[in-house]
Amino acid sequence: IIFNSDLTDKVNIINKIKKDIISRQRSISSSGHIYSLDRCQSYFSKEKLFMEKLKGIDYYEFLKEALILAETDFENLSLNLKKASEFILNKQGFITALSSEEVFIEDFKSNVESIYVELGDNIKPEETNIFPENKKEGIYNESKIVYNSKSDDFTKYGVEFNGKMAVVEKIINLEYLWNKVRVLDDITLSNKGMTRRAIFAL
């Protein structure tokens, strides 16, 4: 896969993009609350930003643009895929791990070495500010459910994560959100959650 993927096979690549678009559409329709929360947190969490780029709404929009490019200018798309492959698959940051009986270690080392020598030496640029500008936004999808999400990094206000937040989370979820919002107003909710880097609600 690393060295022998055919990035010039137009029919196969278009079919794979279409298949992934359909899969994303179904996932967003059935789990919109997760996509909404993850996108909110991608504005200040590196973990969520990468997840957004790899399988979130950003990735879904990228697939739709890639499909248009594949159908109208495939040579350009194929060239970009090759550049991305060379940029990602290189010696910089190359890490391997093995959990095995000792008898297999030498075989593993030799196989890893054969892969390593084939990788390029491209140097990745130093990381700059990767976070997009924080904004309010509305995103249309095919489902008939409206999801409203709000998220922020509470540590920037001088608040540190501790065990008391787990108690507050339970009170908010079970005493307020469920009884006051879900039961009385018949609004479907996801839980309010707190992590070491963020507080989010839906």
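Colleague: Is Arg 39 buried or exposed?
Modeller: Arg 39 is buried, at a relative accessible area of 13%, where buried means under 20%, exposed over 50% and partly exposed in between, with a 1.4 Å probe and protein chains only. This is a predicted model, in which local features need pLDDT of at least 70, side-chain atom pairs count only at pLDDT 80 or more, and totals for chains, interfaces and linings use all residues. Residues are numbered from 1 along each chain as its sequence is written, and side-chain values use heavy atoms, with hydrogens and water left out.

Colleague: Which side chain meets Arg 39 in a salt bridge at 3.0 Å?
Modeller: That is Asp 58, with 3.0 Å from N to O; a salt bridge here is a side-chain nitrogen of Lys or Arg within 4 Å of a carboxyl oxygen of Asp or Glu. Asp 58 lies in helix α4 and Arg 39 in helix α2, so the pair ties together parts that are 19 residues apart in sequence, helices being DSSP runs of H or I with at least four residues, numbered from the N terminus.

Colleague: And what else does Asp 58 pair with?
Modeller: Asp 58 also meets Lys 53 in a salt bridge, at 2.9 Å from N to O. Asp 58 is partly exposed at 24%, and Lys 53 is partly exposed at 47%. Arg 39, Glu 52, Lys 53 and Asp 58 are linked in a network of salt bridges.

Colleague: How many salt bridges does the rule give?
Modeller: The count comes to 9, and one of them joins Asp 38 and Lys 48 at 3.2 Å, N to O.

Colleague: Switching to the nonpolar core, which residues touch the most other members?
Modeller: In the largest nonpolar core, which has 15 residues, they are Ile 17, Ile 21, Ala 70 and Leu 77; such a core is a set of buried Ala, Val, Leu, Ile, Met, Phe, Trp, Tyr and Cys residues joined through side-chain atoms within 4.5 Å. The largest share, 7 residues, comes from α4.

Colleague: What about the pocket, and which element gives the most to its lining?
Modeller: α5 does, with 9 residues in the lining of the largest pocket.

Key. Helices (H or I, at least four residues) and strands (E, at least two) are DSSP runs, numbered from the N terminus.
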